[in-house]
Amino acid sequence: MSRRTAPSHPNDPDADLFRDDDDEVSPAPDSGSKNPYASSTRWRHQESSAYAKHAARQQQQQQHGGGSGHGHAVARDADSRGRVNELADFLNTSRISPDETSDRPTTPRYKPIVEGAAEARHAVNGEDGDRHLTQFGGAKNDDELGPPDGKEVACGPLINYRRMEGDQWIGSVLVVTRGGGRTQLYKPTLTLRRSGGGDETRCEAICLYSDSRNTFWRFNLTITMEAAETKWEYEVPELRFLSKTKPRVNSFFVPAITESMRIMFHSCNGFSVGTDEDAWSGAALWNDVMRKHKESPFHVMIGGGDQIYNDGIRVHGPLREWTSIGNPKKRERYPFPETLRADCDEYYLNNYIRWYSTEPFAAANGQIPQLNIWDDHDIIDGFGSYVNEFMKCDVFRGIGGLAHKYYMLFQHHLPPPPSTYSSDSVPATEMEGGQGVDPNQMVNTYVHPKMTESNYIVGSQHGPYVAEHSHNMFASLGARIAFLGIDARTERTRHQVNYPETYNQIFSRLKQELSAAASSGKPYKHLILLLGIPIAYPRLTWLENIFASPIMGPIKFMNRRVGFGGSFFNSFDGSVDLLDDLDDHYTARTHKKERNHLIERLQGICAEFSVRITILGGDVHLAALGRFYSNPKLKIPTENDYRYMANVVSSAIVNKPPPAAVANLLSRRNKIHHLNKETDETLFKLFDKDPGESTKTANHNQVTMPSRNYAMITENSPNNNASTESSDNHLAPPHAPFSPQYPPSEHGSGSQRPPGSSAGHSIRSNNNGNHNNGNPKDSSDPRKSIHNKDPRLPIHAGEVNAGTKHKAANRASHGKGNDGSLDVCINVEINQHDREGRTEPYGLTIPALSYNGPRPPTAVAPPPGTGSSSSSGSDVGGGHRHDEPPLPSPRRHR
């Protein structure tokens, strides 16, 4: 389908941004099935008051036996609207529900709806929170289950990929059973066998953690890779499952020794507080993941953060009383005693068990090996990005430690620290470091000694607010793809993402691994870099400047005194509610120096090892494709351009997206930015149409897609048979490596400029509008010169015809080439009411890198605390600041 024509002003989604609150919008034609309970604005996490009354009536009917269950409720329409100044509504709507600010002298405008959240329903109905939850959020009392015997599975199995060692594939399986303590009731055994027959291998259980509630068992898997892809099955035969749908025998796939892994990437795997989950069909996109896994199995599933949403702890959990305190100073001084710590521990444990047992996500996490990093919602919304004094308060230190405990157990299959922070605990000794051992937490509890594994790059210093060390990861994803995951949350503050020392550790390890692979004659051709947040993304500096300006001071004062502004300010530190999200971004002014230095060091890695880096990012609840590339004036073909790095932005797989107006606003802010004199960046026009028959975004917006989504990445293996399909969309083999001499660079005497070439090797679309409406002229030769001054259009053959018509978007041709490039496909939800989660694919190809020239001088690390001296470029159409603070030194936990 070609792109629709631009809408007229009255119905233009962008017009909503500039219309007054009192302006009226003509209602959409009645289709006969309009949802009468639709939210009046799509910016809210809370639902409409009409829906609130509807939910209350249904609940009353159910309590009196007169209802038919909320399964018959009408799901609200995401595109319904009443008042239309959506930007103003969003900025005046908080993620903190009004019930949390009961002591403020203001009348709540919105009431949060808990109809869609299983754990919230338990809280509303007065049910006990200490439950063993099934995959559908149901629960059974301990009395119903009987005394634990150590053989009943509370959660799992969950499978992780860990690393490769020679020809050995190494993974692990986690199973959580009921009951336990210092001495476990029963020690299970896992059996592993090749699918279709063969000898069984028995894997002994390792107890990672055990208390009177649950025991966490880890089973190590080691498989010898073969000349062809193999399918393996595993089971824990002695155990009983509470789940009625979780298979007793699970299977997974290991790639051939000569092949790279097929990758699935996702982020934001949960719902924000107050979201009507039924209106979004629950975790429907996991059904699509499993369909595609059945057609062409994924070898690894990469989680980019927010694998679980723990924000409910402040709404219907043990932090509700603390959050309802109106004075931020009183909240800051609130203690975190052992009783509150134990209640919060219970919440995190039960929420993990509930969510990781929820279908269809539960099916995926037992059959597709995972690699995960965490982000703020794995802890609580905005953790690390509030003001320093508030982040150091007892409550945030306490929940940070608890979230880390269960993050280590559920997502990494590692033993947690023996104790987590409470205001009653004894300070750590010099031998203990980080968080000291609290004897109260060790009563009838077993914790396995610390495990050290080669796939982790553990930070040398503990975080400023979580008294633990960052866990960064390096692993091989098969024959020619390496993986690097940076833990960008443990060390985060408003002024830094990671310590300079941690970056040095990461790059030192990365160079060792890439050098060893090159020396062995089997070099990596691609490096997948996992970051929790996009790094090539539009700037919102103008909003930051407004929210951080002195003019906000009197308004904040009035908010604290008389509640003026209501939920425009968050109920944590009293700052503007949206500011923590903006401060989280790499493109925030407080992180800009650190970001630019990171990109320049990555460019040095690409140049030194001729490896193509592709960055994965999530968090923003949009699909997009950002990229860095050499300034077009240098005339460097992309296959020889070590500065070309694509940032695949895929978010969210479960959480609801922002309204189209946000996506359209970001599209308008999609400028061409200059990282430095040689490097530009912008979002690529990937989306040739809206998914299905919808028209949710403005005609000008081809760069951001406000729909749920996930991505898949597959190498066009050189071992594949030559393909003749879609030759105009396929990259030709890269040029021979460049190794010429070049004149001095503008960076200074003695340094060399990266290679240039004739413009005849650079692919530029000659379309000024939608480049997908037709093939570029003479595109049968992908090296044919196609000049276009707009780099938001294709700049190499793999980007020509990007979107729904690209070969990477076609399951029959995805990953079937043989030039060593990567096919990337972002699968976008078509209809939120479709519980099967069907998606529309958007594809492009990322070429392998062939470079043998000099290393860039900007790859040299600056002294700690100085920032990057070469990051003095400017932004086209936007003001580049020259007064950002320097790259921060590490802040030590106190």
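**Close-up 1. The salt bridge between E165 and R163 in the predicted model.** E165 counts as partly exposed because its relative accessibility is 39%, and this is a predicted model. The side chain of E165 meets that of R163 in a salt bridge, with an N to O distance of 2.8 Å. R163, by contrast, has a relative accessibility of 14% and therefore counts as buried, the limit for that class being under 20%.

**Close-up 2. The salt bridge between R838 and D834.** The side chains of R838 and D834 meet in a salt bridge at 2.9 Å, N to O. R838 has a relative accessibility of 46% and so counts as partly exposed, whereas D834, at 15%, counts as buried.

**Close-up 3. A network of salt bridges that includes D211 and K405.** Salt bridges that share partners join D211, R213, E338, R341, D345, E346 and K405 into one network. For the model, the count of salt bridges comes to 34.

**Close-up 4. The salt bridge between E453 and R162.** A salt bridge, 2.9 Å from N to O, is formed where the side chains of E453 and R162 meet. E453 lies in the loop between strand 14 (446-447) and strand 15 (456-462), while R162 belongs to strand 3 (residues 152-165), so that the pair ties together parts of the structure that are 291 residues apart in sequence. E453 and R162 are both buried. As a general point, side chains of opposite charge can pair when their charged atoms come close.

**Close-up 5. The crossing of helix 12 and helix 16.** Helix 12, which spans residues 500-519, and helix 16, which spans residues 592-609, have axes that come within 11 Å of each other and cross at roughly 15°. Because angles under 35 degrees count as roughly parallel, helix 12 is described as roughly parallel to helix 16. The crossing of these two helices, helix 12 and helix 16, is right-handed. On the side of helix 12 the contact is made by Y503, N504, F507, L510, K511, L514 and S515, and on the side of helix 16 by E594, L598, R601, L602, I605, E608 and F609. Sorted by class, the residues in the contact of helix 12 with helix 16 are eight nonpolar, two polar and four charged.

How values were computed. Residues numbered from 1 in each chain as written. Predicted model: local features only at pLDDT ≥ 70, side-chain atom pairs only at ≥ 80, totals over all residues. Heavy atoms only, no water. Axes fitted to C-alpha atoms, helices over the stretch in contact; angles between N-to-C directions. Helix = DSSP H or I, 4+ residues; strand = E, 2+ residues; numbered from the N terminus. Parallel < 35°, antiparallel > 145°, perpendicular 65-115°, else oblique. Left-handed = near helix turned anticlockwise from the far one by under 90°. Contact = heavy atoms within 4.5 Å. Nonpolar A, V, L, I, M, F, W, Y, C, P; charged D, E, K, R; others polar. Salt bridge = Lys/Arg side-chain N within 4 Å of Asp/Glu carboxyl O. Buried < 20%, exposed > 50% of the residue type's maximum accessible area, 1.4 Å probe, protein only.
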